[in-house]
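Have the model open while you read.

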Amino acid sequence: MFYKILSLDGGGSWALVQARVLLDIYGDIRGHELLRQFDLAIANSGGSLVLACLCNDMKLTEVVSVFRNEDQRKQVFSKLSFWEKLNWRNIASLTNVLGPKYSSERKLIGLENVLKSKDHLFNEGTIAKPIVDTPLNELPAIIKKESLQLLIVGFDYFHERVSFFRSNTNSATDKFNGGKFFQVTLAYAIHSSSNAPVNYFDRPAEIQISRLGKEDTRTTWYWDGAVSGFNNPVLAGLIEAITNNQMSIGEYCILSIGTGTGSKAVLTDYQSSTDPEIRAIYEKNKNNPFAITDSSSGFLQDVKKIAGSILDDPPDSATFIAYSILDPSLSNKANLIRINPCINPEKNNDGVYDVPAVYKNITGGSERFKAVMELGMDAVEDEQVDLINEVCDKFIVTNGSDCLPNQLIRGDTSNPVFLGQRNYKEAKDKWMLCK
């Protein structure tokens, strides 16, 4: 019997990928029915909103609709006004190069509004208070699986360290804190976890935490869990499971779903290569919009890159470490299934990077692919999210047609030795053996 873990990456509007994948695997079931099929669910940022929707007992088509609804997206990504940008802490925003764009305070209101409007159990009178206003430790009973562990990742602003908002009041990983357990509502947990700094939200998420069984309620402040290096939270989820369960490593089965990965072809080091063939590739791609060849840097560029890098999963590191725990021999037999579309240009026979084959057969494919590569996590407008939905269509393919590749855990398909599955169909098929 498997111990099953669901891990959901951060990624803002790109978490639509996760909703689409879950819908394809499980069909249009309700969130509680899906969660009862897992023993632990962990999420960060955009993934925490998907998890919140599941806790809200929404159908998976409804979860998809949350990410497809422009009005609801704009409630979460509420733009700062010109006057708000004049605030000293937001002044960099006026440059349109660096600085926050959205209100953290209005994000919380937006998250609560979106989830309360789709809270079937509360609206039908089945429960006494909305799911978003319910502490995490009370949710497993409502979901009707008391053993279910829920975790959402945040970054404590003043303590400068990761925080895990847990449903398990007796987690072994918490035994070093003197028996203190601070409960937090689902709304506050996802507000903290989805609060990306520097280029997105204007201030740390301000939330209330309460010590269980004591008269001790406090205000604390958080940035997005990605700041702590857990944008892909799979490793933290596995450690939480291992420390709380006495079972063999082979009994763990993990479904880790990302929000898209990829970039232009990075050729900055090709210029200095002593290999003439490598230098030739650099020369052919110097003015290519699908390649990065400029190796210059600067302060604003440095800050922008650092701010963006914390919101990504460095190539398969978290998944690889988690996999190595399950299978130190790296035999590709462990049940850690990573599902994440790769959005990269492809090198043609002439050594020039171009759009993937699946974009060549559609009208305006080159321009659409360029637009996809330029999208940030804060895709708000309908035409932007339509591009993400199109990525899903070109990735979630099970009929043998051409598709976007799946992120491998380690290696690449040019080498016969790699970890992971090459495409969505292979990954889904492997997960179905656990499901």
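What follows covers ring pairs first, then charges over rings.

This is a predicted model, where local features need pLDDT of at least 70, side-chain atom pairs count only at pLDDT 80 or more, and totals for chains, interfaces and linings use all residues. Residues are numbered from 1 along each chain as its sequence is written, and side-chain values use heavy atoms, with hydrogens and water left out. The structure holds 14 aromatic pairs (rings of Phe, Tyr and Trp, the last by its six-membered ring, with centres within 6.5 Å; planes under 30 degrees apart are stacked, over 60 edge-to-face, the rest tilted).

**Phe38 and Trp431**
- These two rings are stacked, because their centres are 5.8 Å apart and their planes at 10°.
- Phe38 sits in the loop between helix H2 (31-35) and strand E2 (40-43), and Trp431 in helix H18 (residues 424-434), so the pair ties together parts 393 residues apart in sequence (helices, H or I of at least four residues, and strands, E of at least two, are DSSP runs numbered from the N terminus).
- Both Phe38 and Trp431 are buried (under 20% relative accessible area; exposed is over 50%, partly exposed in between, with a 1.4 Å probe and protein chains only).

**The Tyr157 group**
- Tyr157 and Phe158 pair edge-to-face, with ring centres 4.8 Å apart and planes at 90°.
- Tyr157 is partly exposed at 32% relative accessible area, while Phe158 is exposed at 58%.
- Ring pairs join Tyr157, Phe158, Trp221 and Trp223 into a cluster.

**Charges over rings**
- Lys394 has its charged end over the ring of Tyr359, 5.3 Å from the centre (NZ of Lys or CZ of Arg within 6 Å of the ring centre and within 35 degrees of the ring normal).
- Over the ring of Phe320 sits the charged end of Arg410, 3.9 Å from the ring's centre.
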